[in-house]
Amino acid sequence: QSLGTVSDLLSKLSLSEQKMISVTPTEKISATIEILRKSGISQAPVVDEKGWVKGIVTEENIFHSLYDGKVASNDSVEKIMNSSIEFITGNDTIEH
């Protein structure tokens, strides 16, 4: 038996009407850290000016990139975002 669709889950969680927290590819890492902290989230999609998702940035890749000296806090998130992501639609099943 199916657990339902992604849309079903979002409706039950009342998440479908909430604003998605995202950052732009040119957002500074320091500003991204503040957005994640203030929002109480550990990751955010990276969305371009046309609304296309280009990748995702996580606390983990921010931390490791800063710690390893690969980036500075004033660099943009496009340097560290993970662009290898899988997309789903509202019609996909939870089991997908």
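The model is predicted, so local features need pLDDT of at least 70 and side-chain atom pairs count only at pLDDT 80 or more, while totals for chains, interfaces and linings use all residues. Residues are numbered from 1 along each chain as its sequence is written, and side-chain values use heavy atoms, with hydrogens and water left out.

**Aromatic pair**
- Searching the whole structure turns up 1 aromatic pair (ring centres of Phe, Tyr or Trp, the latter by its six-membered ring, within 6.5 Å; planes under 30 degrees apart are stacked, over 60 edge-to-face, the rest tilted).
- Phe63 and Tyr67 count as stacked because their ring centres sit 5.9 Å apart with planes at 15 degrees.
- Both residues belong to helix H3 (residues 59–67), 4 residues apart, or about one turn of the helix; helices are DSSP runs of H or I with at least four residues, strands are E runs of at least two, and numbering starts at the N terminus.
- Phe63 is exposed at 52% relative accessible area, and Tyr67 is exposed at 65% (buried is under 20%, exposed over 50%, partly exposed in between, with a 1.4 Å probe and protein chains only).

**Hairpin**
- Strands E1 (residues 43–47) and E2 (residues 53–58) run antiparallel, joined by 5 bridges; pairing takes at least two DSSP bridges.
- Ala44 has Val57 as its bridge partner in E2.
- The hairpin leaves 5 residues between E1 and E2, and Gly51 in the turn has a positive phi of about 90 degrees.

**Buried threonine**
- Thr32, in helix H2 (residues 29–39), is buried at 0% relative accessible area.
- Leaving aside residues up to four places away in sequence, Thr32 touches Val23, Glu27, Val57, Ile62 and Val77 (contact means heavy atoms within 4.5 Å).
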